[in-house]
Amino acid sequence: MEKNHQPDDKENALPAKESPKCCDEEKSGEAEKTEVDTKKSEEMETGETENKEIEKADEKEKDEGGELREPSPPPPPEIEYTLETASDDLERFLSTMSTPKEEEVEAGVEINIPEYIDKYLDLVEEKICKQELPETRVKDDGLFLKAVEQISKLYKNLCALFKLDSSQGPLINRIGRIQQRVMLYLEDEFRSLLEDQSKTAEPDQQKQEEVAEGEDQQQADQSDEESNNFPGYSQEVLANLNKIAMRMISGGYELECCEVYMITRRSAIEEALNKLGFDKISIDEAQKMQWEALEREIPTWITTFKQYANVYFSGERKLAETIFSDYPSLSDSLFSNLTRGLFMQLLNFAEAVAITKRSTEKLFKFLDIYETLRDNISAVDGVFPEDCANELRTETTTTRSRIGDTAICIFCDLENSIKSDTARTAVPGGAVHPLTRYTMNYLKYACDEYKDTLEQVFKEHSKIERADSTSRPRNYEGGDSQNYNNDQENQSPFSAQLMRIMELLDSILEAKSKLYRDVALSSIFMMNNGRYMLQKIKGSAEIHKVMGDTWRRKRSTDLRNYHQSYKRETWMKLLGCLKVEGLSVNGKVVKPELKERFKSFNAMFDEIHKTQSSWVVSDKQLQSELRVSISAIVIPAYRSFLGRFSGYLDPGRQTEKYIKFQPEDIETYIDELFDGNPSMGKRKT
């Protein structure tokens, strides 16, 4: 045992003996440690190199068909995803998706959802945040609207493939929230684009008024161009509106899109109505209005109806077709719902006018409305969808017929207005009767401005003639009406009615001429009125065409007869004083009788001058004709009588006493007749 411990003692004691060399050994140990570390580092580098070589060898062996014992998966590549690249990936994914069958959905067929879907959704949300900034509009590089379309497709497809309580439920819910967010943004953008453009879309009212007042043609063309461009959206805006509408509808937001469109465009139409000055007036409101107030609204209504029928409705139709180009039935429905109510509102105004109390002064406003409905319905036919157009055409025809019926009644009521003039006071001076002026001006204006329309109205809308509009005065002879216009084989209903009115006026004037006790003045009255009627007929080609040459010739004959009656009652009696019969007895002039003749002539002429100077002949040509004809029979006879018998009077006082007028004086006094100056003498009836 002791031998065995000895070596240990020696070994333990050995270092004590070698202690003087400790420092050198420590230095040597540190050197050896450094060498070992260096070797280890070199070995690690060598190992990595060997590993890489082994990996390369493994890959080479794999390529050569060798088998790898334990292949290690490559690390995932770090790809910088953008919305564009993600969109392309999603597009490829969507193209591989197909709508599953019902049994596949029930069986829970699983489809692998790529991990990049979440990254795509992050990028979309980031894009939405940028788009929602106030300064950002839909104008982009196309990525946003493409993303909207892809989101809608992805949501639709995933909802068809998975149930919300499946493992993909959270993803579907997230996509749904994103879709709702983008659709709300598109809805606001859709509204904003529609409203911003509609503020400047309507044609400028001031320019329309300038054109109406006869401004130069250049301004008129400019106004027409602006009207034709209604509703005034630029091509760029229309393209954006179309893109938004397509995305909203395809994404299941058709109701929201249509609601925004209807509200915005209805507001624009209301604003256009206000600019045109048209106020909404219901039938009940119109019935309570005074005619003067309602009459002032008719020109505005006519302008509004024409503007909408020819410009606004067609513009709205084109707008709907452009924005909803892929959905023609939807655009038709939107347009019809938007404009039908307005069209019916415009028709209601015409209906309200038609049922107002009739009076002759309303005729021309009724005819204006009738012409507006007649001339513009064709424009409406070409704009509205067939079913809606048929309905509106029927409503318009009904309203136009009601206006036409009322217009006929008003025109026929002119007969009653003439017959109701039962005044027993004669017109001073035998002047043109106010009834004559009113009736002839009324008929002339009606024929000049509305003859064709009245012909159409009477032809299309006349009913069984009413007894109170065809009754004749007691002295009416029925044969005259046929003879007046016997050169027209087929007399129109309107021409026949016009002829009846003229005949009635003749008979009424004939009755009123009897109010004058002086037959001569009665003849002047008939001449004045007859001449006035004849001049009105001659001055209007339209009414002359209706009345015909036969009526004109008969009227001229009547005037000559009244003229002869006047001369016979006035001047032939005066000329009786200048007869030579009874002035001579046994070849000698009886001076007392001669003096009495001069005296009677002077007194009678003086009375005629004083009386007839206050009579009225307003037609200058007739006035001149009367004076010339009077002078032609009076002055030669007086000059001859004066030259033959003035010498039988003693010069001096007798001549001055009995010869008060020279022929030149007679001519001067005749030229003072019919001036209507009451101061010239007393008024005699």
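1. Glu 664, Asp 665, Glu 667 and Asp 671 form a negative surface patch. Patches take residues with over 30% relative accessible area and no salt bridge, like charges being joined within 9 Å; a salt bridge is a side-chain nitrogen of Lys or Arg within 4 Å of a carboxyl oxygen of Asp or Glu. Asp 665 lies in helix α26 (residues 663-670), helices being DSSP runs of H or I with at least four residues. Asp 665 is partly exposed, at a relative accessible area of 30% (buried is under 20%, exposed over 50%, partly exposed in between, with a 1.4 Å probe).

2. This is a predicted model, in which local features need pLDDT of at least 70 and side-chain atom pairs count only at pLDDT 80 or more, whereas totals for chains, interfaces and linings use all residues. Residues are numbered from 1 along each chain, and side-chain values use heavy atoms, without hydrogens and water.

3. The whole structure holds 32 aromatic pairs (ring centres within 6.5 Å; planes under 30 degrees apart are stacked, over 60 edge-to-face, the rest tilted). Trp 301 and Phe 349 are stacked, because their centres are 6.0 Å apart and their planes at 20 degrees. This pair joins helix α13 (residues 291-323) to helix α14 (residues 328-354) across 48 residues, and both partners are buried.

4. Trp 571 and Phe 605 form a tilted pair, with 6.2 Å between centres and 55 degrees between planes. Trp 571 belongs to helix α22 (residues 541-575) and Phe 605 to helix α23 (residues 591-612), 34 residues apart. Trp 571 is buried at 0% relative accessible area, and Phe 605 is buried at 2%.

5. Trp 301 and Phe 349 also belong to one aromatic cluster, whose members include Phe 278, Tyr 308 and Phe 384.

Key:
Patches are made of residues with over 30% relative accessible area and no salt bridge: like charges are joined within 9 Å, nonpolar side chains (Val, Leu, Ile, Met, Phe, Trp, Tyr) within 5 Å. Accessible areas come from the Shrake-Rupley method with a 1.4 Å probe; for residues, only the protein chains shown count as cover. Lys and Arg count as positive and Asp and Glu as negative; His and the chain ends are not counted. The place of a charge is taken as NZ of Lys, CZ of Arg, CG of Asp or CD of Glu. Helices (H or I, at least four residues) and strands (E, at least two) are DSSP runs, numbered from the N terminus.
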